[in-house]
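This report looks at charged side chains and at one pair of strands. Please keep the sequence and the model open while reading.

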Amino acid sequence: MMEHEFKLSGRVLYLSCSLDAVRRQLAGENLTLEECLPLRDDVSTDEISPTNICIFYDDRLAHYAHIGFKVEGEKPIAIDALRDGRFEVIVAGKRYGKGSSRETSPISELYAGVRLVVAENFERIYRQNCDNIGLLTTTDFSILDKITAGESVSIDEFLVGRDAMTQDVVRAGGLLRYSQSHLPRIRGKHVSDVEAGRPLSLVEKIIARRKLVPATEVAPGEGMFINTDWRFSHDAFTGMCAHIIETTFGPDMPLERPEEVVAFQDHFLLAEESFPQIRDKTIPVVKELHAAHWAFAKKYGAHAYGQLPDERGGDGICHPIMTEKHALPGQVIVGTDSHTPHSGALGCLAFGAGATDIANSYVTGLIRFRMPEVIRIELTGRLRPGVLARDVVQFLLQTEPVRQGKTIAAVFEYGGPAVKAMGMDDRATLTNLVAELGGLTGIIEPDE
C-alpha cells in the first residue's frame, strides 16, 4: 500500500528552458520555481530514457535517468546526475512524457530516487505507467510550496481530479497489487450487447461491448477494465513483461488466451549494425533481450516474429504486422508501442500501454482504460496531388488544442470524403500518428 502521508527530504529539479538554471541545480544549488521559469514543455520519453538504454529493465536504469534531456541544444544531465543530486521531485511544463510508451522512462526516474513528478499536464501512457509502478504525479503546483517547506502532504492531495479506479490503483501501490486484490479472474472473452439511450460513436460501441469492471456506465475520464483481443510486446519489453509476470504471479502462471498474445523482435533487430550499440558495448545486453523474447514465446505458446534465417532482417515491425495479419474491425488491440493505434485504420480500438499494463493483460485478458473523449476530424473535399495523410497530421499538430495539451488521451475519429478516398496506408498513417498528437488512439469506420 502507498504511504498515507508523503514527505520529502531530497531536492527538486526544475526542468528549465535555461541551460544555466539546470546546470546550477545539478551543481548543488536549490533554485525556486520563479528562477527557473519558463519550464520546458514536451519533455519526451526519449529524453528521459534514450533508446539505447531501453535494453535495461532492472536497477541499472537508475544510472541513465534524463541523460537525453535537451535545453539550448545541449544535454546537461550526465549519467548518475539525478541519483547523485538526491532529486526526489521533477518539475516541468506541458505534455510531460510525450512520445514512446516505454515504461523504462518512469522506472528510470523511480530507481534514481524520484518520488514525484509535477507538470502542467502529462501524456496519457506516461502517467498511467507512473500510476502502475507507484511514482506519484500531480498537476497541482501549489504542492511544491508544502514540499519545499518540509511539510507532510496527504496522499489524497495527489489524487484530486483522478478517476476512482486510478485512485484505488495508486493507493494500492500499483496496478499489479490492485489486480491481485480487486480484479475477478475471468476466463474467455466476454462480448455484451449494446444498450444505450443515445447514439454512440464507433469507439463507444466497442467499449460498451467489452467493458467488464465496473458494471455501471462510466463518464469520460473515469476508469474501467475492458476485455481485450490481441495483446503484444516488442523486444524492448517482452523480457520485462515476463519478469513482471513471474515475480508477481509466480513462474507457473498461465496466460489468458495465449493464442492472442504476440511477441515481436523488431526494435533491436539490427543492433549489431547500430553505431550507438557498438560504441556503448551493449550488444551482449541486447542479446539478453532477444533470448528473453524467444524464451517467452516458447514458454507461453505466443506468436513470435523475429529475425529471418539469413540474419539480414526480420519479419517486420510490430504495428503494421498486427494490422496486416491479426487485427479485425471492432477488436481491442493493445501493445507496448505508442503506435499501436495503427490498427485503428481497420476500425479497431487499438492503443499503446506500458509493460506493467501489458503483463497484467497477458494474465487477466483485461486492460486498464479511461473513458475517452472523442474528437471528430471531418476531412471534406479531396487532398490535392502531393498532399498526404502525414500532412494532415502535421496540420493538426499546429492547432491550438493540440499545442495546449487539450487533446491528451482523446480518440481522434477520422471521417469524411477525403478519408474514404484514402488507401489503407494513408488511413494507417492518420491513426498511427495520434501518438504524436498526444491522443489515446485514432479510428476510422471500416468499409469495403
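Which side chain meets Lys98 in a salt bridge? The partner is Asp42, at 3.8 Å from N to O.

## Basis of the report

The model is predicted, so local features need pLDDT of at least 70 and side-chain atom pairs count only at pLDDT 80 or more, while totals for chains, interfaces and linings use all residues. Residues are numbered from 1 along each chain as its sequence is written, and side-chain values use heavy atoms, with hydrogens and water left out.

## Salt bridges

A salt bridge here is a side-chain nitrogen of Lys or Arg within 4 Å of a carboxyl oxygen of Asp or Glu. By this rule the count is 26 salt bridges.

The side chains of Lys98 and Asp42 form one of them. This pair links distant parts of the chain, 56 residues apart: Lys98 is in the loop between strand S3 (87-91) and helix H5 (104-111), and Asp42 is in the loop between helix H2 (33-36) and helix H3 (45-48). Helices (H or I, at least four residues) and strands (E, at least two) are DSSP runs, numbered from the N terminus. Lys98 counts as partly exposed at 28% relative accessibility, and Asp42 counts as partly exposed at 25%. Buried means under 20% relative accessible area, exposed over 50%, and partly exposed in between (1.4 Å probe, protein chains only).

Asp447 forms a salt bridge with Lys420, with the closest N and O atoms 3.4 Å apart. Because Asp447 lies in the segment after strand S17 (441-444) and Lys420 in helix H18 (residues 417-420), the pair ties together parts that are 27 residues apart in sequence. Asp447 also meets Arg427 in a salt bridge (3.0 Å, N to O); Arg427 is in helix H19 (residues 424-432), 20 residues apart from Asp447. Arg427 counts as buried at 5% relative accessibility, whereas Lys420 counts as exposed at 55%.

A network of salt bridges links Arg187, Lys189, Arg210, Asp229, Glu256, Arg257 and Glu260.

## An enclosed strand

Strand S14 (residues 366-370) is largely enclosed by the rest of the structure, because four of its five residues are buried. Strand S8 (residues 223-227) runs antiparallel to S14, and five bridges join the two; strands pair if DSSP finds at least two bridges between them. Ile226 stands opposite Ile367 in S14.
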